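The sequence and structure come first.

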Amino acid sequence: MNMNVLQKQDKEIFEAIAGEIRRQTETLELIASENFASRAVMEACGSVMTNKYAEGYPGKRYYGGCEFVDIAENVARDRAKKLFGCEYVNVQPHSGSSANMGVLFAVLKPGDRIMGLDLSHGGHLTHGSKVNFSGQFFEAHTYGVEKETGYIDMNRVEEMALRVQPKLIICGASAYSQGFDFKAFREVADKVGAFLMADIAHPAGLIASGLLNDPMPHCHFVTTTTHKTLRGPRGGMIMMGQDFENPLGITLKTKKGIRTKMMSEVIDAEIMPGIQGGPLMHIIAAKGVAFGEALQPEFRTYAEQVRRNAAVMAEKFIGLDYHIVSGGTKNHLMLIDLRNKNVTGKIAENLLHEAGITVNKNMVPFDDKSPFVTSGIRVGTPAMTTRGMTGQYAERIVELIDRVISAANTDRIEQVCAEVRVDVKEMCEGLPLNDFGPTP
Ligand SMILES: Cc1ncc(COP(=O)(O)O)c(C=O)c1O
(Lines give C-alpha, C1' and ligand atoms only; values in the text may rest on other atoms or scores of the structure.)
Protein backbone atom coordinates (compact mmCIF):
# COMPACT_ATOMS: atom_id res chain seq x y z
CA MET A 1 0.00 0.00 0.00
CA ASN A 2 1.38 3.37 -1.00
CA MET A 3 1.61 5.64 2.07
CA ASN A 4 4.31 8.12 0.91
CA VAL A 5 2.42 11.23 1.96
CA LEU A 6 1.40 9.86 5.34
CA GLN A 7 4.96 8.74 6.00
CA LYS A 8 6.24 12.27 5.48
CA GLN A 9 3.43 14.03 7.32
CA ASP A 10 2.69 11.85 10.35
CA LYS A 11 5.36 9.44 11.54
CA GLU A 12 3.37 8.17 14.53
CA ILE A 13 0.32 7.04 12.60
CA PHE A 14 2.43 5.82 9.68
CA GLU A 15 4.47 3.62 12.02
CA ALA A 16 1.32 2.24 13.64
CA ILE A 17 -0.15 1.30 10.25
CA ALA A 18 3.16 -0.13 9.06
CA GLY A 19 3.29 -2.24 12.22
CA GLU A 20 -0.25 -3.46 11.63
CA ILE A 21 0.60 -4.41 8.04
CA ARG A 22 3.57 -6.43 9.35
CA ARG A 23 1.40 -8.06 12.02
CA GLN A 24 -1.32 -9.05 9.57
CA THR A 25 1.23 -10.31 7.04
CA GLU A 26 3.49 -12.32 9.35
CA THR A 27 0.96 -13.87 11.72
CA LEU A 28 -1.92 -16.24 11.37
CA GLU A 29 -5.33 -14.60 11.65
CA LEU A 30 -7.95 -16.96 13.05
CA ILE A 31 -10.40 -14.49 14.56
CA ALA A 32 -13.73 -15.66 13.14
CA SER A 33 -15.09 -12.14 12.62
CA GLU A 34 -12.11 -10.82 10.67
CA ASN A 35 -11.10 -10.97 7.05
CA PHE A 36 -8.81 -9.24 4.56
CA ALA A 37 -10.67 -6.82 2.30
CA SER A 38 -9.47 -6.55 -1.29
CA ARG A 39 -7.35 -3.70 -2.56
CA ALA A 40 -10.32 -2.44 -4.58
CA VAL A 41 -12.43 -2.33 -1.40
CA MET A 42 -9.66 -0.47 0.42
CA GLU A 43 -9.21 2.01 -2.43
CA ALA A 44 -12.90 2.87 -2.22
CA CYS A 45 -12.58 3.20 1.59
CA GLY A 46 -9.68 5.58 1.14
CA SER A 47 -11.41 7.65 -1.54
CA VAL A 48 -12.69 11.25 -1.67
CA MET A 49 -16.18 10.01 -0.87
CA THR A 50 -15.14 10.35 2.78
CA ASN A 51 -15.43 14.12 2.26
CA LYS A 52 -19.09 14.15 1.29
CA TYR A 53 -22.12 14.85 3.46
CA ALA A 54 -25.17 13.07 2.09
CA GLU A 55 -27.84 12.88 4.80
CA GLY A 56 -30.91 11.25 3.32
CA TYR A 57 -31.15 8.62 0.62
CA PRO A 58 -30.37 8.58 -3.14
CA GLY A 59 -32.52 11.16 -4.93
CA LYS A 60 -33.74 12.58 -1.56
CA ARG A 61 -30.75 14.18 0.14
CA TYR A 62 -30.52 17.13 2.50
CA TYR A 63 -27.30 18.27 0.76
CA GLY A 64 -26.38 19.33 -2.75
CA GLY A 65 -23.64 17.74 -4.85
CA CYS A 66 -24.78 14.17 -4.23
CA GLU A 67 -24.95 12.99 -7.83
CA PHE A 68 -21.91 10.71 -7.55
CA VAL A 69 -22.47 9.37 -4.07
CA ASP A 70 -26.03 8.58 -5.21
CA ILE A 71 -24.55 6.40 -7.95
CA ALA A 72 -22.39 4.57 -5.40
CA GLU A 73 -25.27 3.99 -2.95
CA ASN A 74 -27.61 2.80 -5.70
CA VAL A 75 -24.98 0.38 -7.00
CA ALA A 76 -24.39 -0.94 -3.46
CA ARG A 77 -28.13 -1.40 -2.92
CA ASP A 78 -28.74 -3.11 -6.28
CA ARG A 79 -25.85 -5.51 -5.78
CA ALA A 80 -26.91 -6.33 -2.22
CA LYS A 81 -30.44 -7.09 -3.43
CA LYS A 82 -29.09 -9.39 -6.13
CA LEU A 83 -26.63 -11.06 -3.77
CA PHE A 84 -29.15 -11.87 -1.05
CA GLY A 85 -32.33 -12.02 -3.13
CA CYS A 86 -34.08 -9.35 -1.11
CA GLU A 87 -36.55 -6.62 -2.04
CA TYR A 88 -35.29 -4.00 0.38
CA VAL A 89 -31.90 -3.01 1.72
CA ASN A 90 -30.50 -0.11 3.70
CA VAL A 91 -26.72 0.03 3.31
CA GLN A 92 -26.18 3.01 5.62
CA PRO A 93 -25.75 1.43 9.10
CA HIS A 94 -22.23 2.27 10.26
CA SER A 95 -21.86 -1.15 11.90
CA GLY A 96 -23.64 -4.38 12.70
CA SER A 97 -24.64 -2.93 16.06
CA SER A 98 -26.19 0.13 14.35
CA ALA A 99 -28.11 -2.15 12.00
CA ASN A 100 -29.55 -4.05 14.96
CA MET A 101 -30.29 -0.84 16.82
CA GLY A 102 -32.09 0.45 13.72
CA VAL A 103 -34.47 -2.53 13.65
CA LEU A 104 -35.03 -2.69 17.42
CA PHE A 105 -35.78 1.02 17.73
CA ALA A 106 -37.99 0.94 14.62
CA VAL A 107 -40.35 -1.79 15.82
CA LEU A 108 -40.18 -1.68 19.63
CA LYS A 109 -41.04 0.71 22.42
CA PRO A 110 -38.89 1.00 25.55
CA GLY A 111 -39.73 -1.84 27.91
CA ASP A 112 -40.99 -4.20 25.17
CA ARG A 113 -39.94 -7.82 25.51
CA ILE A 114 -37.34 -9.36 23.17
CA MET A 115 -35.76 -12.80 22.94
CA GLY A 116 -32.23 -13.55 21.69
CA LEU A 117 -29.47 -16.11 22.08
CA ASP A 118 -27.59 -15.61 25.34
CA LEU A 119 -24.19 -13.93 25.01
CA SER A 120 -22.48 -16.74 26.92
CA HIS A 121 -24.07 -19.32 24.58
CA GLY A 122 -22.82 -17.61 21.41
CA GLY A 123 -25.20 -14.65 21.02
CA HIS A 124 -24.17 -11.03 20.49
CA LEU A 125 -24.27 -8.05 22.85
CA THR A 126 -27.02 -6.46 20.75
CA HIS A 127 -29.29 -9.49 21.22
CA GLY A 128 -30.30 -8.50 24.74
CA SER A 129 -27.19 -8.23 26.89
CA LYS A 130 -27.64 -6.14 30.06
CA VAL A 131 -24.55 -4.07 29.29
CA ASN A 132 -25.91 -3.12 25.86
CA PHE A 133 -28.75 -0.84 24.69
CA SER A 134 -30.70 -3.97 23.73
CA GLY A 135 -30.85 -5.14 27.34
CA GLN A 136 -31.21 -1.68 28.82
CA PHE A 137 -34.05 -0.25 26.71
CA PHE A 138 -35.94 -3.52 26.38
CA GLU A 139 -36.91 -6.42 28.64
CA ALA A 140 -34.57 -9.06 27.26
CA HIS A 141 -35.03 -12.81 27.73
CA THR A 142 -32.31 -15.06 26.43
CA TYR A 143 -32.47 -18.64 25.22
CA GLY A 144 -29.48 -20.96 25.15
CA VAL A 145 -28.04 -24.12 23.68
CA GLU A 146 -28.56 -27.55 25.24
CA LYS A 147 -25.90 -28.67 27.69
CA GLU A 148 -25.61 -32.17 26.22
CA THR A 149 -25.58 -31.30 22.52
CA GLY A 150 -24.55 -27.65 22.21
CA TYR A 151 -27.50 -27.21 19.80
CA ILE A 152 -30.41 -24.77 20.04
CA ASP A 153 -33.54 -26.79 20.79
CA MET A 154 -36.52 -25.23 19.00
CA ASN A 155 -38.99 -26.79 21.45
CA ARG A 156 -37.32 -24.84 24.24
CA VAL A 157 -37.37 -21.66 22.15
CA GLU A 158 -41.09 -22.14 21.55
CA GLU A 159 -41.77 -22.88 25.22
CA MET A 160 -39.97 -19.68 26.19
CA ALA A 161 -41.70 -17.57 23.54
CA LEU A 162 -45.12 -18.78 24.70
CA ARG A 163 -44.21 -17.84 28.27
CA VAL A 164 -42.48 -14.52 27.52
CA GLN A 165 -44.71 -13.30 24.65
CA PRO A 166 -41.91 -11.22 23.06
CA LYS A 167 -42.52 -8.52 20.45
CA LEU A 168 -39.29 -9.46 18.66
CA ILE A 169 -37.28 -12.68 18.41
CA ILE A 170 -33.66 -12.49 17.27
CA CYS A 171 -31.92 -15.49 15.76
CA GLY A 172 -28.25 -15.38 14.84
CA ALA A 173 -24.97 -15.61 16.70
CA SER A 174 -21.32 -14.69 17.06
CA ALA A 175 -20.11 -18.07 18.22
CA TYR A 176 -22.46 -20.86 17.13
CA SER A 177 -21.06 -23.36 14.66
CA GLN A 178 -24.39 -24.84 13.53
CA GLY A 179 -26.95 -23.44 11.09
CA PHE A 180 -30.22 -21.74 12.08
CA ASP A 181 -33.63 -23.15 11.23
CA PHE A 182 -35.19 -19.83 10.21
CA LYS A 183 -38.45 -21.50 9.16
CA ALA A 184 -38.90 -23.02 12.61
CA PHE A 185 -38.09 -19.66 14.23
CA ARG A 186 -40.76 -18.00 12.05
CA GLU A 187 -43.34 -20.57 13.13
CA VAL A 188 -42.58 -19.71 16.75
CA ALA A 189 -42.67 -15.96 16.03
CA ASP A 190 -46.04 -16.32 14.30
CA LYS A 191 -47.48 -18.26 17.25
CA VAL A 192 -46.83 -15.31 19.55
CA GLY A 193 -47.27 -12.47 17.04
CA ALA A 194 -43.61 -11.43 17.23
CA PHE A 195 -41.37 -9.94 14.59
CA LEU A 196 -38.45 -12.18 13.60
CA MET A 197 -35.01 -10.73 12.95
CA ALA A 198 -32.08 -12.82 11.72
CA ASP A 199 -28.65 -11.38 12.43
CA ILE A 200 -26.39 -13.05 9.87
CA ALA A 201 -23.35 -10.86 10.63
CA HIS A 202 -21.10 -13.92 10.83
CA PRO A 203 -22.21 -16.32 8.09
CA ALA A 204 -23.43 -13.68 5.57
CA GLY A 205 -20.82 -14.68 2.97
CA LEU A 206 -21.78 -18.35 3.28
CA ILE A 207 -25.49 -17.52 3.07
CA ALA A 208 -24.92 -15.30 0.01
CA SER A 209 -23.13 -18.27 -1.58
CA GLY A 210 -26.07 -20.59 -0.90
CA LEU A 211 -24.12 -22.77 1.57
CA LEU A 212 -26.40 -22.27 4.58
CA ASN A 213 -30.16 -21.84 5.14
CA ASP A 214 -31.58 -18.68 3.60
CA PRO A 215 -33.25 -16.41 6.18
CA MET A 216 -34.84 -14.13 3.56
CA PRO A 217 -38.11 -16.05 2.95
CA HIS A 218 -38.76 -16.49 6.66
CA CYS A 219 -37.62 -13.41 8.58
CA HIS A 220 -39.21 -9.98 8.73
CA PHE A 221 -35.74 -8.41 8.97
CA VAL A 222 -32.24 -9.61 8.21
CA THR A 223 -29.26 -7.65 9.50
CA THR A 224 -25.60 -8.22 8.83
CA THR A 225 -22.13 -6.81 9.03
CA THR A 226 -20.25 -6.46 5.77
CA HIS A 227 -16.72 -7.19 7.01
CA LYS A 228 -16.71 -10.78 8.24
CA THR A 229 -17.32 -13.68 5.83
CA LEU A 230 -18.68 -11.13 3.33
CA ARG A 231 -15.15 -9.67 3.13
CA GLY A 232 -16.14 -6.04 2.63
CA PRO A 233 -15.37 -2.84 4.53
CA ARG A 234 -16.40 -2.51 8.20
CA GLY A 235 -20.10 -1.75 8.28
CA GLY A 236 -23.65 -3.03 8.56
CA MET A 237 -26.88 -3.29 6.61
CA ILE A 238 -30.54 -4.14 7.01
CA MET A 239 -32.53 -6.22 4.53
CA MET A 240 -36.06 -7.48 4.06
CA GLY A 241 -36.94 -10.35 1.74
CA GLN A 242 -40.22 -8.55 1.11
CA ASP A 243 -41.40 -5.14 2.14
CA PHE A 244 -44.76 -4.94 3.96
CA GLU A 245 -47.10 -2.37 5.49
CA ASN A 246 -46.03 -1.72 9.06
CA PRO A 247 -48.50 -3.14 11.57
CA LEU A 248 -47.47 -0.57 14.20
CA GLY A 249 -49.87 2.15 13.10
CA ILE A 250 -47.11 4.44 11.79
CA THR A 251 -48.62 6.69 9.14
CA LEU A 252 -47.44 9.26 6.64
CA LYS A 253 -49.21 12.44 5.55
CA THR A 254 -49.12 12.83 1.78
CA LYS A 255 -50.83 15.19 -0.67
CA LYS A 256 -53.38 12.45 -1.30
CA GLY A 257 -54.10 11.97 2.42
CA ILE A 258 -52.80 9.79 5.22
CA ARG A 259 -51.43 6.35 4.47
CA THR A 260 -49.73 3.57 6.43
CA LYS A 261 -45.97 3.62 6.00
CA MET A 262 -44.28 0.64 4.40
CA MET A 263 -41.82 -1.05 6.75
CA SER A 264 -38.96 0.01 4.46
CA GLU A 265 -39.90 3.63 5.13
CA VAL A 266 -40.01 3.00 8.88
CA ILE A 267 -36.56 1.41 8.84
CA ASP A 268 -35.06 4.09 6.59
CA ALA A 269 -36.37 6.80 8.91
CA GLU A 270 -35.02 4.98 11.97
CA ILE A 271 -31.50 4.79 10.52
CA MET A 272 -31.60 8.47 9.42
CA PRO A 273 -32.62 10.67 11.22
CA GLY A 274 -33.48 8.20 14.03
CA ILE A 275 -30.05 6.95 15.06
CA GLN A 276 -27.53 8.21 12.50
CA GLY A 277 -26.65 11.42 10.69
CA GLY A 278 -24.55 11.53 7.54
CA PRO A 279 -23.82 8.17 5.93
CA LEU A 280 -20.19 7.09 5.41
CA MET A 281 -20.23 7.37 1.63
CA HIS A 282 -16.68 6.03 1.16
CA ILE A 283 -17.69 2.91 3.09
CA ILE A 284 -20.95 2.58 1.17
CA ALA A 285 -18.95 2.77 -2.08
CA ALA A 286 -16.65 0.05 -0.70
CA LYS A 287 -19.68 -2.06 0.27
CA GLY A 288 -20.73 -1.83 -3.38
CA VAL A 289 -17.30 -3.05 -4.48
CA ALA A 290 -17.40 -5.95 -2.01
CA PHE A 291 -20.91 -7.00 -3.10
CA GLY A 292 -19.67 -6.91 -6.70
CA GLU A 293 -16.86 -9.29 -5.70
CA ALA A 294 -19.25 -11.55 -3.80
CA LEU A 295 -21.43 -11.86 -6.91
CA GLN A 296 -18.52 -13.45 -8.83
CA PRO A 297 -18.30 -17.25 -9.07
CA GLU A 298 -14.85 -17.09 -7.40
CA PHE A 299 -16.50 -15.91 -4.22
CA ARG A 300 -18.57 -19.07 -3.95
CA THR A 301 -15.38 -21.10 -4.38
CA TYR A 302 -13.87 -19.02 -1.57
CA ALA A 303 -16.89 -19.52 0.69
CA GLU A 304 -16.84 -23.28 0.07
CA GLN A 305 -13.18 -23.36 1.03
CA VAL A 306 -13.87 -21.34 4.19
CA ARG A 307 -16.34 -23.99 5.26
CA ARG A 308 -14.15 -26.90 4.19
CA ASN A 309 -11.18 -25.50 6.13
CA ALA A 310 -13.33 -25.16 9.24
CA ALA A 311 -14.57 -28.75 8.88
CA VAL A 312 -11.02 -30.07 8.42
CA MET A 313 -9.82 -28.14 11.46
CA ALA A 314 -12.71 -29.30 13.65
CA GLU A 315 -12.08 -32.92 12.72
CA LYS A 316 -8.37 -32.61 13.39
CA PHE A 317 -9.00 -30.92 16.75
CA ILE A 318 -11.42 -33.68 17.74
CA GLY A 319 -8.77 -36.27 16.77
CA LEU A 320 -6.39 -34.54 19.19
CA ASP A 321 -8.96 -34.79 22.01
CA TYR A 322 -10.25 -31.21 21.87
CA HIS A 323 -13.86 -30.61 22.78
CA ILE A 324 -15.66 -28.67 20.02
CA VAL A 325 -18.94 -27.22 21.30
CA SER A 326 -21.84 -28.90 19.40
CA GLY A 327 -19.43 -31.56 18.17
CA GLY A 328 -18.37 -29.91 14.90
CA THR A 329 -19.06 -27.06 12.53
CA LYS A 330 -21.31 -26.34 9.57
CA ASN A 331 -19.97 -22.84 9.02
CA HIS A 332 -16.74 -20.86 9.26
CA LEU A 333 -16.00 -21.16 12.97
CA MET A 334 -15.75 -23.44 15.95
CA LEU A 335 -15.80 -22.91 19.66
CA ILE A 336 -13.25 -25.01 21.57
CA ASP A 337 -13.85 -25.84 25.23
CA LEU A 338 -10.34 -26.12 26.72
CA ARG A 339 -11.30 -27.35 30.17
CA ASN A 340 -10.00 -30.87 29.53
CA LYS A 341 -6.65 -29.33 28.58
CA ASN A 342 -6.34 -27.40 31.85
CA VAL A 343 -5.90 -24.12 30.01
CA THR A 344 -8.20 -21.09 30.21
CA GLY A 345 -9.28 -19.12 27.16
CA LYS A 346 -7.26 -16.15 28.38
CA ILE A 347 -4.05 -18.12 28.74
CA ALA A 348 -4.57 -19.85 25.39
CA GLU A 349 -5.18 -16.52 23.64
CA ASN A 350 -2.02 -15.03 25.17
CA LEU A 351 0.22 -18.02 24.44
CA LEU A 352 -1.05 -18.35 20.88
CA HIS A 353 -0.43 -14.63 20.42
CA GLU A 354 3.18 -15.23 21.50
CA ALA A 355 3.32 -17.95 18.86
CA GLY A 356 2.02 -15.64 16.10
CA ILE A 357 -1.49 -17.10 16.01
CA THR A 358 -4.40 -14.75 16.69
CA VAL A 359 -7.61 -16.16 18.20
CA ASN A 360 -9.99 -14.77 20.78
CA LYS A 361 -10.88 -16.19 24.17
CA ASN A 362 -14.57 -16.97 24.32
CA MET A 363 -17.12 -18.04 26.90
CA VAL A 364 -18.40 -21.56 26.28
CA PRO A 365 -21.99 -22.50 27.15
CA PHE A 366 -22.39 -23.06 30.92
CA ASP A 367 -18.96 -21.54 31.49
CA ASP A 368 -17.82 -21.36 35.11
CA LYS A 369 -15.26 -18.64 34.36
CA SER A 370 -15.70 -14.91 33.86
CA PRO A 371 -15.81 -13.28 30.39
CA PHE A 372 -12.29 -11.94 31.11
CA VAL A 373 -10.93 -15.44 31.64
CA THR A 374 -13.30 -17.86 29.85
CA SER A 375 -12.93 -21.59 29.26
CA GLY A 376 -12.62 -21.50 25.51
CA ILE A 377 -11.34 -20.01 22.31
CA ARG A 378 -13.15 -19.25 19.06
CA VAL A 379 -11.37 -20.20 15.86
CA GLY A 380 -12.46 -19.10 12.39
CA THR A 381 -11.28 -19.62 8.83
CA PRO A 382 -12.44 -16.61 6.73
CA ALA A 383 -9.15 -14.68 6.88
CA MET A 384 -6.72 -17.61 6.43
CA THR A 385 -8.80 -18.80 3.46
CA THR A 386 -8.57 -15.37 1.82
CA ARG A 387 -4.79 -15.80 1.96
CA GLY A 388 -5.15 -18.97 -0.06
CA MET A 389 -4.66 -21.48 2.75
CA THR A 390 -6.43 -24.74 1.96
CA GLY A 391 -6.89 -28.14 3.65
CA GLN A 392 -3.24 -29.03 4.27
CA TYR A 393 -2.66 -25.66 5.86
CA ALA A 394 -5.77 -26.19 8.01
CA GLU A 395 -4.38 -29.45 9.43
CA ARG A 396 -0.97 -27.91 9.93
CA ILE A 397 -2.45 -24.96 11.79
CA VAL A 398 -4.26 -27.27 14.21
CA GLU A 399 -0.98 -29.07 14.86
CA LEU A 400 0.72 -25.75 15.63
CA ILE A 401 -2.09 -24.72 18.00
CA ASP A 402 -1.89 -28.10 19.70
CA ARG A 403 1.87 -27.77 20.15
CA VAL A 404 1.31 -24.55 22.08
CA ILE A 405 -1.69 -25.70 24.14
CA SER A 406 0.00 -29.01 25.02
CA ALA A 407 3.06 -27.16 26.32
CA ALA A 408 1.06 -24.52 28.19
CA ASN A 409 1.64 -25.95 31.65
CA THR A 410 5.28 -26.93 31.10
CA ASP A 411 8.57 -25.07 31.43
CA ARG A 412 9.14 -25.52 27.67
CA ILE A 413 6.35 -23.11 26.77
CA GLU A 414 8.50 -20.08 25.93
CA GLN A 415 10.65 -22.08 23.59
CA VAL A 416 7.66 -23.79 21.96
CA CYS A 417 5.99 -20.41 21.32
CA ALA A 418 9.20 -19.08 19.77
CA GLU A 419 9.52 -22.16 17.53
CA VAL A 420 5.89 -22.03 16.44
CA ARG A 421 6.23 -18.32 15.70
CA VAL A 422 9.02 -19.10 13.23
CA ASP A 423 6.88 -21.84 11.61
CA VAL A 424 3.92 -19.47 11.33
CA LYS A 425 6.02 -16.75 9.72
CA GLU A 426 7.36 -19.27 7.21
CA MET A 427 3.84 -20.50 6.48
CA CYS A 428 2.64 -16.96 5.81
CA GLU A 429 5.54 -16.01 3.57
CA GLY A 430 4.55 -15.56 -0.06
CA LEU A 431 0.83 -15.49 0.77
CA PRO A 432 -0.48 -11.96 0.23
CA LEU A 433 -3.37 -10.84 2.40
CA ASN A 434 -5.88 -10.21 -0.32
CA ASP A 435 -4.71 -11.12 -3.79
CA PHE A 436 -7.96 -12.21 -5.34
CA GLY A 437 -8.17 -10.32 -8.55
CA PRO A 438 -10.03 -7.41 -10.03
CA THR A 439 -13.60 -6.45 -9.34
CA PRO A 440 -16.17 -6.16 -12.15
C1 LIG B 1 -23.88 -11.60 15.38
C2 LIG B 1 -23.30 -10.23 15.41
N3 LIG B 1 -24.11 -9.18 15.29
C4 LIG B 1 -23.67 -7.92 15.31
C5 LIG B 1 -22.32 -7.66 15.46
C6 LIG B 1 -21.88 -6.23 15.59
O7 LIG B 1 -21.14 -5.77 14.57
P8 LIG B 1 -20.23 -4.46 14.79
O9 LIG B 1 -19.03 -4.89 15.53
O10 LIG B 1 -19.97 -4.01 13.38
O11 LIG B 1 -21.06 -3.47 15.54
C12 LIG B 1 -21.41 -8.71 15.58
C13 LIG B 1 -19.97 -8.42 15.73
O14 LIG B 1 -19.18 -9.18 16.09
C15 LIG B 1 -21.92 -10.03 15.55
O16 LIG B 1 -21.10 -11.09 15.70
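**Domains and ligand shell**

The protein chain is divided into domain 1 (43–294) and domain 2 (306–428), with bounds taken from an automatic or database domain assignment. The model is predicted: local features need pLDDT of at least 70, side-chain atom pairs count only at pLDDT 80 or more, and totals for chains, interfaces and linings use all residues. Residues are numbered from 1 along each chain as its sequence is written, and side-chain values use heavy atoms, with hydrogens and water left out.

**Between the domains**

- The centres of domain 1 and domain 2, taken over C-alpha atoms, are 31 Å apart.
- Domain 1 puts 21 residues and domain 2 puts 20 residues into the contact (heavy atoms within 4.5 Å).
- About 1700 Å² is buried between domain 1 and domain 2, 60% of it on carbon and sulfur atoms; buried area is the accessible area (1.4 Å probe) that two parts lose on being put together, summed over both.
- On the domain 1 side, Ser120, Ala175 and Ser177 lose the most area to domain 2, together 28% of what that side buries.

**Around the ligand**

- Gly96, Ser97, Ser174, Asp199 and Lys228 come nearest among the 13 residues around the ligand (a heavy atom within 4 Å).
- Two residues of the shell around the ligand are nonpolar, nine are polar and two are charged; Gly counts as polar, and Asp, Glu, Lys and Arg count as charged.
- A polar side-chain atom of Asp199 is 2.5 Å from a nitrogen atom of the ligand.
- A polar backbone atom of Gly96 lies 2.9 Å from an oxygen atom of the ligand.

Technical notes. A polar contact is a pair of N or O atoms within 3.5 Å; within protein, one must be able to donate a hydrogen and the other to accept it, and residues adjacent in sequence count only if both atoms are side-chain atoms.
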